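Please look over the model shown below before reading on.

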Amino acid sequence: MAALFSPLTIGDLALPSRIVMAPMTRHRASYGKIPGELSALYYAQRASAALIISESTEIDPFSAIDVPTRPGLTNDDQEAGWRLVANTVHKAGGRIFVQLSHMGRTAHPSQLCGGRQPVAPSALAAAGTVYTAKGAEPYASPRALELDEIPTIVAGFAAASARAKSAGFDGIEIHGANGYLVDQFLRDGSNIRTDSYGGSVKNRARILLEIIEAIEAHWPLNRIGVRLSPTNPYQGMSDSDPASHFAQIAGLLDPLGLAYLHVVEPLVQPEGYPVTAAAIRLAFTGPLILAGGFKRAHAEQALAKGRADLIAFGQAFIANPDLPMRWRQNTTLNSADKSTYYTQGAKGYTDYPSLELVQG
Ligand SMILES: Cc1cc2nc3c(=O)[nH]c(=O)nc-3n(C[C@H](O)[C@H](O)[C@H](O)COP(=O)(O)O)c2cc1C
């Protein structure tokens, strides 16, 4: 069975270990949603990951304009910014997929071009609050997408994926997790449509399959990954039977020959909390990444028991640019300074000491 430092080839991409860097939103793109030199430095510092998955990157040019420091991939300037990032990571010896996302109901009208109402599969608001220029405000009520609007969203993912190709990324991760638009379609707590995009699992997964098919015009399937979070309640998400529904979704994805399926499932769960990863592992025979609070020992155990092929680490990678080297040397880890998450400027993210610096 696999060990943390055993190599793995996914599709035609050779990975040196099983240690993936999870996607993590930062607000450090320059105004205009353009990743700049700080982004390139941040990702290049982490190039020893088996695979870097970028922060969530928007495919909708009209979305969340009030958060200008969250990156997009919808115009030439943003593409040029990401080219700098991809080139810098490659020069440092790494591999990087871009995570493409649409916010759906989690965007706020104050953030949207012309104060537009956010869109979602169904007119059901997310629970909780969203950060706006005026501070925390309740999520807005979205409007349900018309059937004839869905192809534009699918085309937006494809267009961003074409730009990702031209920017030099190694592949695409479709953000189908954590309560954003694709996840809103997948789970029955946020999708009560009665047309061909709602009701059965197959219908709820239709938009995801259409996005994959559209991206296939620009990328081989073995360079396309999908991230799912069947049980994450973040942003008011729920599903009536996540283990069964997401095993069926994994079964629909299985024959495609994707680069990987990436499942977020909290490692430590309250009693009675549903567990979906095992059912998904049975239904999906391609490479499986697990994420959600993994420490080194948990990861080694999961790999050894064949529960996953790769493990994605989030916050440990923010604080430890050279995480794989630290584990190889059994050295202590830096802890993350959470007060710098989602902030701008140069403090945090790129100033954590590497072993090279510490050991001279
Ligand atoms: C600051 C921060 C930003 C995040 N942004 C994203 C994101 O953009 N896309 C995503 O799919 N998950 C995002 N996540 C979730 C992480 O990818 C990961 O699943 C989560 O942090 C659990 O892993 P960990 O315990 O190893 O950090 C974010 C997490 C953190 C802490």
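**Ligand, helix and rings**

A backbone N or O atom of Pro23 lies 2.7 Å from an oxygen atom of the ligand, a polar contact in the sense of a pair of N or O atoms within 3.5 Å (within protein, one must be able to donate a hydrogen and the other to accept it, and residues adjacent in sequence count only if both atoms are side-chain atoms). The model is predicted, and local features need pLDDT of at least 70, side-chain atom pairs count only at pLDDT 80 or more, while totals for chains, interfaces and linings use all residues. Residues are numbered from 1 along each chain as its sequence is written, and side-chain values use heavy atoms, with hydrogens and water left out. A backbone N or O atom of Gly293 lies 2.9 Å from an oxygen atom of the ligand, and a polar backbone atom of Gln315 is 2.9 Å from a ligand oxygen atom. In total, 17 residues surround the ligand, and the closest are Pro23, Thr25, Gln99, Arg227 and Gly314; a residue is counted here if one of its heavy atoms lies within 4 Å of the molecule.

Helix H3 (residues 150-167) has 18 residues and reaches 26 Å from its first C-alpha to its last, close to the 26 Å expected at 1.5 Å a residue, where the expected span is 1.5 Å times one less than the number of residues. Helices (H or I, at least four residues) and strands (E, at least two) are DSSP runs, numbered from the N terminus. Among the buried residues of H3 are Ile150, Ile153, Val154 and Phe157, buried meaning under 20% relative accessible area, exposed over 50% and partly exposed in between (1.4 Å probe, protein chains only). The buried residues of H3 pack against elements including helix H2 (76-91) and strand S5 (96-101), contact meaning heavy atoms within 4.5 Å.

Turning to the rings, those of Phe, Tyr and Trp (its six-membered ring) pair if their centres lie within 6.5 Å, with planes under 30 degrees apart counted as stacked, over 60 as edge-to-face and the rest as tilted. By this rule the count comes to 8 aromatic pairs. The rings of Tyr43 and Trp82 have centres 6.4 Å apart and planes at 45 degrees, so this pair is tilted. Tyr43 belongs to helix H1 (residues 37-45) and Trp82 to helix H2, 39 residues apart, and both Tyr43 and Trp82 are buried.
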